[in-house]
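User: Hi! Could you walk me through some ring contacts in this one?
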Amino acid sequence: MIWYPYEQMKTMKEPYKIFDAEGVYLYTEDQKLIDSVSSWWCMIHGYKHPELTAAIKEQADKFCHVMLGGLTHDPVEKLSQKLQEFLPGDLDYCFFSDSGSVGVEVSLKMALQYNTNQGRKRPLVLALEHAYHGDTFKAMEVGDDEDYHFAFDKKESVIHIPTEIPALEEVFEKYHDQLNCFIVEPLLQGAGGMQMYDISFLKRARELCTQYDVLLIFDEVATGFGRTGNRFVADLVLPDILVLGKALTGGYIGHAVTVANHKVFQAFYSDDDRHALMHGPTFMGNPLACAVALKGIEIFERDNYMEKIHRIEEISHREMDGFTDPRIKEIRIMGGCTCVEVHDGKTLEGFQQFAYEHGVFSRPFLNYMYTMMPYVIQEKELVQIFDVMKEWFRK
């Protein structure tokens, strides 16, 4: 029996069974659905992209996996080189893993050991209110959403602050010599409710982290590859460690990478074996994942995805700006994300089935109806998503 995610198995409704998928569409036995959430935000190229499928097949004909312990291979070497060129600043050192949550765990482990290797004891992590960084244990600890993490009631080594500069400055003044890192979802907080905030907060965070030698970690598992309307938020403010996942492989296979700058890497580069990073996921650098990631980045650049994303944002504003209903608290739009927050979550009960019947797959949660569409979506398909969202409030 399948144990489904984020569900009370005793009361959950039957999930929609998918028989095929292509482009932005999912196919059930009786319906053709626009996937408005890109399968948890990862399928930026859509489904059944021929070049991505071919990249996996071509690599599978050679070998599907070898460990990185004592071995290496062309796909992981080429992807590392490509990321070094593709990412900003001196984010040059790639540590691969098999999921975004594990990538976050690696980043937090790096930050703690970065200080330990230099003989400093800095036990605290700074994070944001409404943070979500994944469901593994340390990722839950730095998260701040009781709906996901209510079972994790002890967070003694983490401080959470709002995205307000006075709160940021106050916590650095008080705890700067105890902080090993500040981890954020930059500009857009996903599972915490599609919360959006200003770049000025991150710029000030960078200044304070530099001043006090606190590592700045950007969790761009969800925000990377254009979701905020920026290629990476790291292009605007440079972190010390960057975590990528989801769209890294276009959603075709699970993989993630934690990318460190030179300062971080040098703290581990030593004649002392105890200074090594003792971490090694079995499937890190998986050749299939690396091959499809390389092809996905090539397509992202070649087909000018940033132009597609800017057009998506324009259409989103055109269709949703000014739409009002007494039940709506706020509509937020950023890049390839639109969120309709309602006052009462009961307002959205039944919306998923309503959307299904109108040709859209949606997955609202709590008080949030949202879309994070594939970037290959056409205007008429995007408008259909927004029409369904608006029709729910008009019916």
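User: What does the charged end of Lys32 sit over?
Analyst: The ring of Tyr25, with 4.3 Å to the ring's centre. A charge sits over a ring if NZ of Lys or CZ of Arg is within 6 Å of the ring centre and within 35 degrees of the ring normal. Keep in mind that this is a predicted model, where local features need pLDDT of at least 70, side-chain atom pairs count only at pLDDT 80 or more, and totals for chains, interfaces and linings use all residues. Residues are numbered from 1 along each chain as its sequence is written, and side-chain values use heavy atoms, leaving out hydrogens and water.
User: And what about Lys395, which ring does that lie over?
Analyst: Lys395 lies over the face of Trp392, 4.1 Å from the ring centre.
User: Switching topic: how many aromatic pairs are there?
Analyst: The structure holds 23. Rings of Phe, Tyr and Trp (its six-membered ring) pair if their centres lie within 6.5 Å; planes under 30 degrees apart count as stacked, over 60 as edge-to-face and the rest as tilted. One of the pairs, Phe86 with Phe232, is edge-to-face, at 5.6 Å centre to centre and 85° between the planes.
User: Are those two buried or exposed?
Analyst: Phe86 is buried at 5% relative accessibility, and Phe232 is buried at 0%. Buried means under 20% relative accessible area, exposed over 50%, and partly exposed in between (1.4 Å probe, protein chains only).
User: Which cluster does Phe86 belong to?
Analyst: Ring pairs link Phe86 and Phe232 with Phe225, Phe300, Tyr305 and Tyr375.
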